[in-house]
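Subject: Structure handover

Hello,

Here is the structure for your work.

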Amino acid sequence: MNENYAVIVIGAGAAGLMCAITAAKRGKKVLILDHANKVGKKILMSGGGRCNFTNYSIEPENYLSDNPHFCKSALSRYNQWNFIELVEKYQIEYYDKGLGQLFCKKSSKDIRDLLLNECRESKVDILLKTPISQINKNDDNLAFTVKTENQDYLCHSVVIATGGLSIPTMGASDFGYQIAEQFGHKVLPTTPALSPLTFDKRWLNKTNNLPGNSLDVIVTCNSQSFKEAMLFTHKGLSGPAILQISSYWRQGDPLSINLLPNLDVPEWIKENRNTRPDIQTKTLLASEMSQSLASFFCDEFQCHSKLKQLDEPSLDKLVNSLTNWTIYPAGLEGYRVAEVTLGGVETKNISSKTFESSLCDNLFFIGEVLDVTGHLGGYNFQWAWASGYAAGNYV
Ligand SMILES: Cc1cc2nc3c(=O)[nH]c(=O)nc-3n(C[C@H](O)[C@H](O)[C@H](O)COP(=O)(O)OP(=O)(O)OC[C@H]3O[C@@H](n4cnc5c(N)ncnc54)[C@H](O)[C@@H]3O)c2cc1C
């Protein structure tokens with residue numbers, strides 16, 4: 001037997017929940033379907049269990065997309081202050097971890113429960129463990145049939161909120177891309193983003209005693225720079241600076257890393273050479289980083305002498321190496337650990353105001369399934385809230 005809804009949202013993640021709540025508050029009868037066994041799994045695991053739910057400063061420049069203008073409208077109509085207001089309504093304690101990144105003080109569960117409560121109050125139906133086999137537009141062209149194993153559902157609007165490909169064990173699938181293509185949309189090539197980078201065997205050998213060591217750096221690639229922490233791991237490099245730059249890095253690209261971004265390095269070396277000429281380069285570096293890193297970089301830069309023994313060309317070389325250490329990562333660690341997916345449903349045939357497809361009436365795409373990817377720092381959830389809210393007002 002068919003059951004009728006005004007709106008069916010596929011995906012009980014951040015974007016789908018926000019869209020369902022917004023639509024239900026307008027009086028729409030809404031059903032959310034998800035194949036996972038829990039609502040908002042990525043919310044629960046996000047921000048190290050404390051969900052970085054938004055950022056004090058949200059700008060279109062914080063997003064990557066083939067069409068950098070696409071995100072502007074939704075982000076301005078539901079901004080960080082709107083979500084903060086909701087968080088405060090629920091008296092969820094939060095804090096700024098730095099760089100405007102807002103995290104829950106207690107647990108990500110607070111955000112998931114907030115959304116679940118809003119769903120309950122606005123009478124959104126949620127069905128979990130429900131794989132969808134087909135979505136078809138009906139002959140009268142007015143409604144969709146959503147087929148699941150046990151039941152078919154009829155609805156006026158379908159919202160695809162199935163997210164990206166990262167962390168398949170959490171329910172990620174390419175279903176949203178398949179539906180997009182079924183209705184004539186182009187799906188831009190996808191790749192893991194906000195992902196650790198890997199080293200090849202030779203570099204892993206060179207750095208085998210460094211995992212766990214971190215330092216603040218400025219990392220640059222393809223004209224983008226981030227000043228944050230970089231961490232050596234058993235597979236290569238991670239930490240916020242590396243996750244951020246991974247969204248801009250392409251196979252074969254070098255990373256340029258300023259290892260001492262808080263110092264005027266030429267001046268610092270000159271001054272130490274004058275005041276402490278007998279100091280070993282390694283000892284000097286160890287005043288700004290761990291002993292292991294200082295040792296590694298002295299090997300790497302072939303610089304094991306006292307400062308006074310360095311002639312001008314050697315000094316220039318040392319300054320250049322410290323401020324522009326160039327390395328070639330082997331690859332991205334991949335969807336298993338990446339926070340998001342770059343690429344996805346092309347925004348060209350999606351309204352930036354309503355998120356409706358221009359190729360199929362009453363079909364909507366929101367959240368990470370679209371070709372809009374945020375920086376690290378709460379930007380991806382803000383995109384989910386904003387796009388979900390926008391579509392929720394038009395379904
Ligand atoms: C480890 C980790 C930490 C993160 N931390 C942060 C953070 O702190 N701040 C931040 O802003 N962003 C963070 N992100 C990114 C953020 O979680 C996502 O960008 C965001 O969840 C995207 O929301 P969404 O609703 O579009 O998709 P999702 O939250 O991924 O939801 C998609 C839903 O669709 C369901 N689904 C998928 N395929 C199907 C199918 N075939 N049938 C039925 N249902 C399906 C899934 O089960 C899921 O419930 C993190 C991501 C990861 C992986």
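A term first: two strands count as paired if DSSP finds at least two bridges between them. In this predicted model, strand E13 (residues 214-221) and strand E14 (residues 224-232) run antiparallel and are joined by eight bridges. Within that pair, Val219 has Phe226 of E14 as its bridge partner.

E13 and E14 belong to an open sheet of seven strands, ordered E17-E16-E13-E14-E15-E12-E18, with antiparallel pairing. Strand E17 (325-327) and strand E18 (331-332) are the edges, each pairing on one side only.

Two helices pack on this sheet:

- Helix H11 (residues 291-300) touches E13, E14 and E17, and its direction makes about 80° with that of E17.
- Helix H12 (residues 312-323) touches E17 and strand E16 (255-258); the angle between the directions of H12 and E16 is about 110°.

A second open sheet has three strands in the order E3-E6-E5, again with antiparallel pairing. Its edge strands are strand E3 (52-55) and strand E5 (94-96), each of which pairs on one side only. On average, neighbouring strands here are turned by 30° against each other, direction ignored. Three bridges connect E5 with strand E6 (residues 101-104) in the antiparallel sense, and Asp96 stands opposite Leu102 in E6.

Now the ligand. How many residues surround the ligand, and which are the closest? The shell holds 32 residues, and Ala15, Asp34, Ser173, Glu368 and Phe381 are the closest. By class, 15 of the shell residues are nonpolar, 13 are polar and four are charged.

Helix H1 (14-25), helix H2 (41-45) and helix H13 (379-392) each contribute at least two residues to that shell. H13 gives the most, with four residues.

- Asp34 places a polar side-chain atom 2.6 Å from a ligand oxygen.
- A polar backbone atom of Ala14 is 3.1 Å from a ligand oxygen.
- For Gly47, a polar backbone atom is 3.1 Å from an oxygen of the ligand.

On its own the ligand has 990 Å² of accessible area, and the protein covers 94% of that.

Regards

Key: Residues numbered from 1 in each chain as written. Predicted model: local features only at pLDDT ≥ 70, side-chain atom pairs only at ≥ 80, totals over all residues. Heavy atoms only, no water. Near = heavy atom within 4 Å. Polar contact = N/O pair within 3.5 Å; in protein donor to acceptor, adjacent residues only side chain to side chain. Areas by Shrake-Rupley, 256 points an atom, 1.4 Å probe, with all protein chains shown as cover. Nonpolar A, V, L, I, M, F, W, Y, C, P; charged D, E, K, R; others polar. Contact = heavy atoms within 4.5 Å. Axes fitted to C-alpha atoms, helices over the stretch in contact; angles between N-to-C directions.
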